[in-house]
Each structure stands twice: as C-alpha cells, then as structure tokens.
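The sequence and the structure are shown below.

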Amino acid sequence: MKLNLGENIRRLRRSRDWTQDELADRLGTTSQSVSRWENGTTYPDMEFLPELADLFSVTVDALLGVDRRTEEKQVNTILDAFQEAIGYGRIDECIRIARAGVAQFPNNYALLCKLMYALFIEGDSDGSNPDWKEASERNDAEIVSLGERIVRSCTDEDIRNEAKRLLAFNHCEMGRKAEGRTIYETLPLFEHCRELNIGWALEDKEELKKNELWYLTTGFDLVYSGLWQCCDRRPIEEQPAFLDAMEQIEDLRHGGKRRIGSEHYSEYQFAVKRAEVCAKLGREKEMAAALRRAAEEAAAFDAWQEDETMNFPFEGEKTNSRSHYETGNEVGACQRLRERDLMHKAFEPYRETEEFRKIVESIG
C-alpha cells in the first residue's frame, strides 16, 4: 500500500503555519530530518509517529494516509449534503453542515472553503436573510481568517484561487477595496487559464468537444455579464440598449427556445431589471409587460424540481440540475418578487394603478 506520509506531514505542518525548524524543535530532531520525511527520502522512526499524530490532532492511520480514501468518501458525503442545502438557499443549514465537517476534518481545505463561502452568502444583500448586514459584519473576521489560512497553506490551486476570489470580494464588500485589489491581482490572467490554451494539445475527439463547449459557454456568459455590468454603470437613458443586447444574446444562445431550470431565475431577474429601467423612464406599458414576464419566470423557477435537458444551437445538449444550483434565496422567486423587488422605489408612482395591482395579485 502506498503511504502518503511525507505529503501528509508537509500538509499538516503548513496547516499549523509551522516551519520545518519549528516542527523539528517540537519533536527534538533536526530540520534536515523533517525535510527528508516530507520529500519522501526517508521515513521517521516509528517512535515519532504517535507524537507526530498527537501534534497534528490526527490518528496515526490518518497521518500515514492509510484511511485517506475513507476520509475522501466521508468528505464527499458532506459536500453533497452542503450542495443540496445551498440549492434551496438554506444557508443556516449550509453553515451547520460545513462546521460539522470542519470539526471532523479540521485540515480539509475543501470544507474550510465551503464554510467560508456559506458565511459570505449569509451576509449577501442579494439573499433572503433580512439580517444580512449584521451577518456580514459578524462573519467578516472569520471569513478573512479562513481565507488567509487556505491561501497560506492549501496546495490545491483550484481551492486556493476560489478562496482568494471570496476573500477579495469580502474585502471589497466591507469597504476594503485596496486589500481586495491586491488579492485580485494575484489571480491567474484569463488568457493564461488552462481551458483557454489546452485545446492546442488535445487529440481525443471527446476532449476537444468538451473544450469547445467550454469556449462557447464561457463566451456567452462573459458577454452577458459584461453587458449587465456596463448597463448598471451607464446613464439610465442608455440602459435599454444594453438590455436589448442581453436579450438578443440569450435568444441567440437558446435558438428562440424556452428557458429551463435555473434559467427561469436569471430571466426573472432580467425582467425585473427591465421593469425598473422602464419605470424610471416613464414607460409604463413596457414596465408592466416586463413585470408580467418576471412573475411568469418566477413561478416557473419555483415549480422547478426535476432535471431538464435541451439542445442549444451552439452548445449542444445541456442538462440543468437542481442539485448543481446555488442560491442564498430560501424563500423562492415569487415571494422575493412580491416582498422585495416590487417594493423598489422606482415603482412607487405606479403602485396604485390597476395594472400594477393585477400583477401583484397574480403572484399570490
């Protein structure tokens, strides 16, 4: 059986933020010995194993890596439970699941990153938590601590970069944009990413097809999100043109076909944005039409439970699964539309009109 002792000693030492010298001092040995253990050149004497395990608060079997597969299986079960909870916006449950997982596996960076994510979502103004402001302030220090620990010690680049992204975003949301920018600048450049470049080296047809799908999906997503961000930053008179372009992108992507699964939620959000812009510009009929569409899409999203599949003109067959969806909104789209979106001040001049009342009534 292959042992991962050296790799585990390095990982556990870094998780404690100890140098090789510090670990050697705790064990009464030399830093050169620790270096050889971690490189796999030699193994520590048997007498050191219980002491090493005790120092790192793990079993000797875990230190040796004998039960690593068992740990991975248990961690995957925890991650599945986390994913199911966040698919329905049950953030309190997500935090509970992540904390229990971290208590069981204190040095598992995938679980630490999920806990960091759940704490951030609890304080997201776009979620359904009415106390999001208090949560963001309460969780700030823990998010920073978790993020810095993962960035400092985790050797998995995907997890490290996800932690960096969350950490930087949290700094920005808390008004520390200079700190956020410093972290953002350490992330890989888009043009250097694996998926963007690996196509030149692929020969297998299935791998090439998968890479092409990534190009198309990412391209549509980037254009859509870019238009959305630009729309928010432009004067109100220019915003309808950006909304029109976003709608054209989505129609092109779908080939004029209906939306499926979680796409109903993004369509509902888009319709609300369209309605707000029209309301500010005094376009009452267009506003009402957009709100009716928002109500229809919100109802379709709330009714979505089973996986849905469709053939996209450019991207081929895609399945939209509830188990892959993530949200901080536990109350559902219709309730959110009724209790939050329709309360936007842009709709104040129209709130007492017959058409607006009918739309509110249609939401139930």
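In this predicted model, the side chain of Arg253 makes polar contacts with the side chains of Asp221 (2.8 Å) and Glu315 (2.9 Å). Arg253 belongs to helix H14 (residues 239–254). With a relative accessible area of 8%, under the 20% cut-off, Arg253 is therefore buried.

**Surroundings of Arg253**
- Apart from neighbours within four places in sequence, the residues in contact with Arg253 are Thr217, Phe220, Asp221, Phe312, Pro313, Glu315 and Lys318.

**Salt bridges**
- The whole structure contains 31 salt bridges.
- One of them joins the side chains of Asp126 and Arg336 at 2.7 Å, N to O; this pair links distant parts of the chain, 210 residues apart, with Asp126 in the loop between helices H8 and H9 and Arg336 in helix H17 (residues 333–339).
- Asp126 is partly exposed, at 39% relative accessible area, whereas Arg336 is buried, at 7%.
- A salt bridge of 2.8 Å, N to O, connects Arg176 with Asp140; Arg176 lies in the loop between helices H10 and H11 and Asp140 in helix H9, so the pair ties together parts 36 residues apart in sequence.
- Arg176 is partly exposed at 22% relative accessibility, while Asp140 is buried at 13%.
- Salt bridges with shared partners join Asp244, Glu247, Asp251, Arg259, Glu267, Arg274 and Arg293 into one network.

**Packing of H1 and H3**
- Helix H1 (residues 5–15) packs with helix H3 (residues 31–39) at an angle of about 120°, their axes being 6 Å apart; the two helices are therefore oblique to each other.
- Gly6, Glu7, Ile9, Arg10 and Arg13 of H1 make the contact with Trp37, Glu38 and Asn39 of H3.
- This contact comprises two nonpolar, two polar and four charged residues.

Conventions:
Residues numbered from 1 in each chain as written. Predicted model: local features only at pLDDT ≥ 70, side-chain atom pairs only at ≥ 80, totals over all residues. Heavy atoms only, no water. Axes fitted to C-alpha atoms, helices over the stretch in contact; angles between N-to-C directions. Helix = DSSP H or I, 4+ residues; strand = E, 2+ residues; numbered from the N terminus. Parallel < 35°, antiparallel > 145°, perpendicular 65-115°, else oblique. Contact = heavy atoms within 4.5 Å. Nonpolar A, V, L, I, M, F, W, Y, C, P; charged D, E, K, R; others polar. Buried < 20%, exposed > 50% of the residue type's maximum accessible area, 1.4 Å probe, protein only. Polar contact = N/O pair within 3.5 Å; in protein donor to acceptor, adjacent residues only side chain to side chain. Salt bridge = Lys/Arg side-chain N within 4 Å of Asp/Glu carboxyl O.
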